Amino acid sequence: MIELLEQVRQGQIRAIARLITRVENSPAAAEQAIQALYPHTGQAHIVGITGSPGAGKSTVVNALVQTLRQQEARVGIIAVDPSSPFTGGALLGDRVRMRDLSGDPGVFIRSMASRGSLGGLARATASVIKILDAAGFDYVLVETVGAGQAEVDIANAAQTTIVVEAPGMGDEIQSIKAGILEIADVLVVNKADRPGADRAVRALKMMLHLGPVGGTRQHGRLSSAPSSENGNMQPGWDIPVLETVATEGKGMSELAEMLGRHMAYLRESGEWLKREKERSWREVEMLLQLRFMSQFQASVPTETRDLLLTAVAQREVDPYTAVNQLLSKTESE
Ligand SMILES: Nc1nc2c(ncn2[C@@H]2O[C@H](COP(=O)(O)OP(=O)(O)OP(=O)(O)O)[C@@H](O)[C@H]2O)c(=O)[nH]1
Ligand SMILES: [Mg+2]
């Protein structure tokens with residue numbers, strides 16, 4: 001393990017892939033790896049890319065990586081439960097210089113399938129982000145389909161969250177419903193070559209202007225972080241709405257520049273530390289829950305649980321009393 005961790009620190013792609021597999025398969029390996037690597041993290045810019053299915057998230061990531069590579073940045077990519085695979089840049093038109101991402105030593109791509117519990121996926125993703133950070137990648141891009149709490153958890157691991165939308169009837173309204181806008185630092189209307197892009201931009205800008213009153217722009221609202229203060233969590237940052245045509249690489253240098261501006265904003269405003277503290281709390285909370293549940297499951301026999309749940313179902317025991325009984329069993333171990 002120690003040698004493997006050293007190779008990871010040197011940015012060796014094969015070692016990184018091997019460590020990630022070990023960490024995914026074993027919570028104990030994850031603990032050991034993260035304990036060793038954590039002091040070397042905090043250097044990468046963690047960027048979440050989320051949005052409606054099919055909006056072009058993967059294509060945006062592919063195109064953005066090309067731009068970042070031209071700036072000599074090393075980029076790690078994590079695709080959480082992807083329905084459309086990364087193409088290694090093959091989608092890009094001739095206008096952008098072709099570069100095979102998968103053969104580029106400055107790029108690492110990893111897909112994570114959502115198997116097991118949601119908490120398990122969030123934990124695994126958090127670990128992979130740290131491994132790539134410690135391996136010296138300048139950017140770690142995390143693509144998720146913005147649908148459920150797991151995606152929000154994963155997006156919360158990012159310092160900058162890009163929400164990708166595409167023109168189309170009702171998309172904007174839908175994304176509000178899904179709570180996606182609440183986590184956006186940068187909004188992208190992709191497929192700007194399609195009709196209705198301007199309208200989508202206008203609609204999104206209007207929603208942003210409704211602001212905290214309407215319940216949007218509350219970064220971290222879904223979190224249970226101790227410091228949730230007022231609604232507008234980003235004073236001094238106006239969420240930009242950018243238009244892109246990812247298939248042609250259009251708008252990518254603007255998007256890359258916006259990432260830099262957002263990071264500068266986070267650093268100068270003190271928001272960086274604030275978010276890191278919130279993120280740290282969420283992570284510790286998540287680990288506590290996972291640890292507690294596994295200890296609990298290990299110490300209370302399944303039959304005991306079944307008996308008690310039957311009693312609750314039959315109204316012989318109320319749920320509160322059931323919890324008290326279960327806890328007293330755990331403690332008396
Ligand atoms: N016209 C047009 N099509 C695009 C653009 N960007 C992506 N597409 C197409 O949209 C489709 C979906 O793109 P993806 O990048 O797979 O979208 P996604 O959001 O990652 O999709 P999921 O991961 O399945 O949710 C593909 O056929 C892309 O070629 C664009 O800028 N213009
Ligand atoms: Mg995708």
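How many of the residues of the protein count as buried? Of the 333 residues, 39% do (buried takes 20 or more other C-beta atoms within 10 Å of a residue's own, exposed 12 or fewer, partly exposed lies in between, and C-beta atoms are placed from the backbone). This is a predicted model, where local features need pLDDT of at least 70, side-chain atom pairs count only at pLDDT 80 or more, and totals for chains, interfaces and linings use all residues. Residues are numbered from 1 along each chain as its sequence is written, while chains are lettered from A and ligands numbered from 1 in the order in which they are written.

**Figure 1. The whole chain and its confidence.** The protein has twelve helices and seven strands (DSSP runs numbered from the N terminus: helices are H or I with at least four residues, strands E with at least two). Mean pLDDT, the predictor's confidence in each residue from 0 to 100, is 81 for the protein, and 77% of the residues score at least 70. Helix α7 (residues 171-177) has the lowest confidence, with a mean of 56, and α9 the highest, at 97. Take care with residues 87-100, where pLDDT stays under 50 and the model has 28 contacts beyond four places in sequence (a contact means C-beta atoms, placed from the backbone, within 7 Å). Residues 213-232 also stay under 50, with 36 such contacts beyond four places in sequence. Looking at contacts between residues at least 6 apart in sequence, 74% join residues at least 24 apart.

**Figure 2. The seven-stranded sheet.** Reading across, the open sheet goes β3-β2-β4-β1-β5-β6-β7, and the pairing is parallel (two strands pair if DSSP finds at least two bridges between them). The edges belong to β3 (107-112) and β7 (241-243); each has a single partner strand, so one side of each is left without a neighbour in the sheet. Neighbouring strands are turned by 20° against each other on average, direction ignored.

Figure 3. Six of the six residues of β2 (residues 75-80) are buried, so the strand is largely enclosed by the rest of the structure. In a regular strand the side chains alternate between the two faces of the sheet. Here Val75, Ile77 and Ala79 point one way, Gly76, Ile78 and Val80 point the other way, and all are buried. Six bridges tie β2 to β3 in parallel, with Val80 opposite Met112. Strand β4 (residues 139-143) pairs with β2 over five bridges, again in the parallel sense, and Glu143 is the bridge partner of Ala79.

**Figure 4. Helix α9 and two crossing helices.** Two packed helices are described by the angle between their axes and the distance between the axes. The axes of α9 (residues 252-269) and α10 (residues 271-299) come within 5 Å and cross at roughly 90° (axes are lines fitted to C-alpha atoms, for helices over the stretch in contact, and angles run from 0 to 180 degrees between N-to-C directions). The pair is therefore roughly perpendicular (65 to 115 degrees; under 35 is roughly parallel, over 145 roughly antiparallel, the rest oblique). Tyr265, Leu266, Arg267 and Ser269 of α9 meet Glu271, Trp272 and Arg275 of α10. By class, that contact has three nonpolar, one polar and three charged residues (Ala, Val, Leu, Ile, Met, Phe, Trp, Tyr, Cys and Pro are nonpolar, Asp, Glu, Lys and Arg charged, and the others, Gly among them, polar). The axes of α4 (residues 57-70) and α9 come within 9 Å and cross at roughly 70°. Ala63, Leu64, Thr67 and Leu68 of α4 touch Met252, Ser253, Leu255 and Ala256 of α9, a contact of six nonpolar, two polar and no charged residues.

Figure 5. Lys191 and Ala192 sit in the loop between β6 and α8. Lys191 is buried, with 24 C-beta neighbours inside 10 Å, and Ala192 is buried with 21. Setting aside neighbours within four places in sequence, Ala192 contacts Ala197, Glu243, Thr244 and Val245. Ala192 and Lys250 are 58 residues apart in sequence, yet 9.1 Å apart in space, C-alpha to C-alpha. Most residues other than glycine have a negative phi. Phi of Lys191, however, is positive, near 60°. Glu72, in the loop between α4 and β2, has a positive phi near 70°. Glu72 is exposed, with 8 other C-beta atoms within 10 Å.

Note on methods: Two residues are in contact if their C-beta atoms, placed from the backbone, lie within 7 Å.
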